[in-house]
Amino acid sequence: MLKRILHSFDVPITRKQIWKKVRQKIGNIPHLSIDWDDLTDRFIEPVIWVVDHFSDSLGKIFVSLVWLLILFVVGVAYWIGLSFYWNISAELTIALVIFGHWILLNVVFHYYMALITPPGLPPDAEQIPYIKARCKKCQSVKPERTHHCSICRTCILRMDHHCPWLNNCVGHFNHRYFFLFMAYVVLGMIFLFIFGAPVIVHELSISDASEQPIGYPVFHNGSHLLPVKQVEEVTPPRSRSLRRAVSVTVAILCAGILAALGALVGWHARLISRGETSIENLTNKDDREAKRLEGSTFVNPYDFGSYENWRIFLGLSEGRTWRCVFFPSVHPPRGDGISWCFKNDLTHVSYK
């Protein structure tokens, strides 16, 4: 049957298109009718069950892995990289240590703050009686931009997503910490690649002790091999197999982290520039398409322009400068996560 389906294709198509047609033809066979939505639900159900029952335990494991990974990478940098650059230049080594520890300080600080900072929970209904909306799942009051997290089983103010690597939701009060943690990790990975490449090349280029010739040097006098009297004792190099394996392992880990977090940082930076969260991006996408079909343009009411969106997100108000971005700062975000000003609302001036 699969051959007949494939022979029915008249023009070259991609593998994705092939399987799409296969699904269509199989679905059209009466006795093989398949409900793909039901099949997908059945496949997803075990995943949802695992998340619902083990999310807390898995989150703690993921958090432990992050700390162990930080310790591992920093330890290797001290063990292999520090001695390499110290033999080249003490001044360069000191500069690299200072810059590297600035990155490390920001990584550890923002990750720790993202872990311990509550994302923001809606207050009791009595405190905000002017908000009438209620969550259908937890029955709590639901201000604008608030969404329910099925893992935390509560509503989160300006929820972005639930992050297993934090074992916490990313919401109004810890979104900045989460983003800056990722940004500084990406900067750290770039730093390690630039200054770690010479270290790896050096480690891979040095011969291992097992590759050294066995015995002592000799010369041929025409008829016999005679030993060469060495002027100085040559110390055989220590085995470097472990250093090589560790160096390559760190390089592979850093490459994977840079690719994954680099893409994620770019994605979140795009959303921040547009004044959206991850959830709002999905809903706004549908609204944009609906407006496009109507012949009009969708306007995000929380979009104040890229520059102002970034200032709002980073909490740069009340005299705060960009120093709060380049150095650890525990300042809160703008607003309370409950009341929001709109783009066309002139009262947003007081929001600054």
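This is a predicted model: local features need pLDDT of at least 70, side-chain atom pairs count only at pLDDT 80 or more; totals for chains, interfaces and linings use all residues.

User: Which residue forms a salt bridge with Glu276?

Analyst: That's Arg288, and the closest N and O atoms are 2.6 Å apart. Arg288 itself is partly exposed, at 28% relative accessibility. Glu276 sits in the loop between α6 and α7 while Arg288 is in helix α7, so the pair ties together parts 12 residues apart in sequence. There is also a network of salt bridges that links Arg274, Glu276 and Arg288.

User: Nice. How many salt bridges are there in the whole structure?

Analyst: A search of the whole structure gives 6. One of them joins the side chains of Arg145 and Glu280, at 2.6 Å from N to O. Arg145 is in the loop between α4 and β1 and Glu280 in helix α7, so this pair ties together parts that are 135 residues apart in sequence. Both Arg145 and Glu280 are buried.

User: And what about Arg334, which residue does its side chain meet in a salt bridge?

Analyst: Glu308, at 3.0 Å from N to O. Arg334 is buried at 4% relative accessible area, and Glu308 is buried too, at 13%.

User: Switching topic: which residues have the most contacts inside the largest nonpolar core?

Analyst: They are Val107, Leu166, Phe179, Phe181, Met182 and Val185, in a core of 41 residues. Helices α3, α4, α5, α6 and α8 each supply at least two residues of this core. The most come from α5, with 12 residues.

User: What does Met182 touch, leaving out residues up to four places away in sequence?

Analyst: Leu261, Leu264, Val265 and His268. There's also a second, separate core of 5 residues, with Ile131, Val141, Leu157 and Ile338 among them.

User: Where does UniProt list a "transmembrane region"?

Analyst: The unreviewed UniProt entry lists residues 61–80, 92–113, 177–201 and 245–267. In the model, residues 92–113 are 100% helix, with end C-alpha atoms 32 Å apart. Residues 245–267 are 100% helix as well, and there the end C-alpha atoms lie 33 Å apart.

User: Last one, the surface: which residues form the nonpolar patch?

Analyst: Leu58, Ile61, Leu65, Leu68, Leu71 and Trp165, with about 600 Å² of accessible area together. Leu58 belongs to helix α3 and is partly exposed, at 34% relative accessible area. For the chain, the accessible surface is about 22,200 Å², with 65% of it belonging to carbon and sulfur atoms.

Conventions
Residues are numbered from 1 along each chain as its sequence is written. Side-chain values use heavy atoms; hydrogens and water are left out. Accessible areas come from the Shrake-Rupley method with a 1.4 Å probe; for residues, only the protein chains shown count as cover. Patches are made of residues with over 30% relative accessible area and no salt bridge: like charges are joined within 9 Å, nonpolar side chains (Val, Leu, Ile, Met, Phe, Trp, Tyr) within 5 Å. A salt bridge is a side-chain nitrogen of Lys or Arg within 4 Å of a carboxyl oxygen of Asp or Glu. Helices (H or I, at least four residues) and strands (E, at least two) are DSSP runs, numbered from the N terminus. Buried means under 20% relative accessible area, exposed over 50%, partly exposed in between (1.4 Å probe, protein chains only). UniProt positions are given in the numbering used here, feature names are shortened, and annotations may be inferred rather than shown by experiment. A nonpolar core is a set of buried Ala, Val, Leu, Ile, Met, Phe, Trp, Tyr and Cys residues joined through side-chain atoms within 4.5 Å. Contact means heavy atoms within 4.5 Å.
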